[in-house]
Amino acid sequence: MNKLFYISIISAALILMTGCGDELLNRDNLYEKSLESYYKTPEDIDEALIGAYSSLTVDNGMNNPILLANILSDDCYSGGGTGDAQAYDVDKFDNRGSDLCLPIYQRSYEGIYRLNMLLNNFDKAEYDDETLQKQHKGEAQFLRAFYYFRLAQLFGEVPLNLQTELVYLPKATSTEIYEQIATDLKASIENLPSGSWSAEWASVNSGRATKWAAEALMARVFLFYTGYYTSSELPNGVTKANVVAWLDDCINNSGHDLLDDYRSVWPYAHVTDGVDWPGDGHKETVFALKYTNQANYSGPGNPGRLAYSNQMVLYSSVRGGKDYAPYGQGWGIGQVSTLLKDAMVGDPRLDMSILDVTTDPALVGSYEWGAWEFRDETGLYNKKYTAILSETESGSGVYKGMYYNLYGGQDSYQLWNMQDDMIIRFADVLLMHSELTETNTGMTRVRARVGLDEVPYSLDNLKKERRLELSLEGLRYYDLLRWGDAKTTIEAANGEPVKLLGLNDEYSISYREDRAFLPLPESEISLSQGNLIQNPGWE
């Protein structure tokens, strides 16, 4: 898999300068691109697209959107240490600092700026291949929609800018934001080619936007907007019938499908006897964020880029400063709630999704409770995003990061995690289809994969199935918001057993509906010249 390709930052594509009028300086710029010479070829456009893709990931692991959404939901508590204020504040809907989520906010607008620049200059490029031309434009439209949807889910109403000039904008309304998201997605569906997924295609193109990803994302946007904002259709006129037709297309023609074994979806399959791991970018992956082995720290002459590695995996992994092969170490943030475990009892996906230190053979009897001033500790970890170790050589007894053994890179547990952030899985496509059509066809396929019997469609059954199948993948919180279930469900965790500094304690939470969305970074508000105001509930 060409992981290194998609996340690389091509600096020449990102630094755009105009020429100087002084004759003395009127020379060819050998190091940077200019607007006069750039966006002229398909290669320029592709280079700029790669730069836009690179903004999808963040250096700050606590700002990973999946981790943020997990902690906001009822499925995870803060975890981490007593000094991890960021995780604690997200979990408790609090903000004792001023820039709780500045990194993800800035990275999203960085990506949007790059895409605005690309799309506003797109017609300069001369293509011989019309299909490639439409594909490149469709990818850019998909990415801009993706960035704005990420911002809208995290922060609610945010500034909407489709230009490249420096302007100080107020928030756009939710109607304006979702109209733009849906308009970009509809255009991307029309522009992106209809080629179906294959292992050969994925070996080169894994991580790039496809028509199928756009169709699936449109369904997710539709469900959230019409649910949370109580509308029958999207602001640009996209209806439920439109979305169902696109999902039918994705299900029947994309080449995506469920893997035979649920465990095979996740990297731990690589070290699980009797389970085949097809690698990242497999056929169940409709869209994912890619990482590389090139992560590094900043230093003299080196700006560093932690975002090349999957920092969420580091943040989510077993706390305590030691490995429990095949599980690697990390910060223990996003402890899985006891309520999720209880909900999964009797379901085969329990042991496939949750790493339980009281039952897993690698941890029983050796796990240390209370390590590093642990807070809200349950001893339950997100198995889907736990660091995985493998032997450097078979039978050697020496363990290092699985991805380090596969691809090389930095010999550091803080830098060697490379697994995909799974954004859209085919299982989610099937469940969204069931919800929109109020049929059990998609649910039945999802349940049959793990040996569960068919159940009739009901919204309650659909809610349960989404929670168990898609647990700990960053979707639960937004489901609760759109169903209107957030307060009751999240506050049901009050009194659940946790440990504080290794001692028995009880979890407590008070959900505020006026804080459903995260606070805007105060530094961005300060820079806005009075145009941007704080979100309700966070003033």
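Let's start with a word you'll need: a residue is buried when its relative accessible area is under 20%, exposed when over 50%, and partly exposed in between (1.4 Å probe, protein chains only). The structure above is a predicted model, where local features need pLDDT of at least 70 and side-chain atom pairs count only at pLDDT 80 or more, while totals for chains, interfaces and linings use all residues. Residues are numbered from 1 along each chain as its sequence is written, and side-chain values use heavy atoms, with hydrogens and water left out.

**Cysteines**

A disulfide here is a pair of cysteine sulfur atoms within 2.5 Å. How many disulfides does this rule give? The count is zero. Take cysteine 76: its nearest cysteine sulfur belongs to cysteine 101 and is 16 Å away, and cysteine 76 is in no disulfide. Cysteine 101 is in no disulfide either. Cysteine 76 counts as buried because its relative accessibility is 1%, and cysteine 101 is buried with a relative accessible area of 1%.

**Salt bridges**

Side chains of opposite charge can pair when their charged atoms come close. For a salt bridge, a side-chain nitrogen of Lys or Arg has to be within 4 Å of a carboxyl oxygen of Asp or Glu. By that rule there are 40 salt bridges. Here are some of them:

| Salt bridge | N to O distance |
|---|---|
| Aspartate 249 and lysine 211 | 3.2 Å |
| Arginine 425 and glutamate 284 | 2.7 Å |
| Arginine 425 and glutamate 473 | 2.7 Å |

Helices (H or I, at least four residues) and strands (E, at least two) are DSSP runs, numbered from the N terminus. Aspartate 249 sits in helix 11 (residues 240-253) and lysine 211 in helix 10 (residues 211-228), so their bridge ties together parts that are 38 residues apart in sequence. Aspartate 249 is buried at 17% relative accessible area, and lysine 211 is buried at 13%.

Now for arginine 425. Arginine 425 is in strand 10 (residues 421-425) and glutamate 284 is in the loop between helix 11 and strand 3 (285-289), so this pair ties together parts 141 residues apart in sequence. Both of these residues are buried. The other partner, glutamate 473, lies in the loop between helix 18 (459-469) and helix 19 (476-483), 48 residues from arginine 425. Glutamate 473 is buried too. Through shared partners, salt bridges join a network that includes Glu284, Arg425 and Glu473, with Asp347 and Arg349 also among its members.
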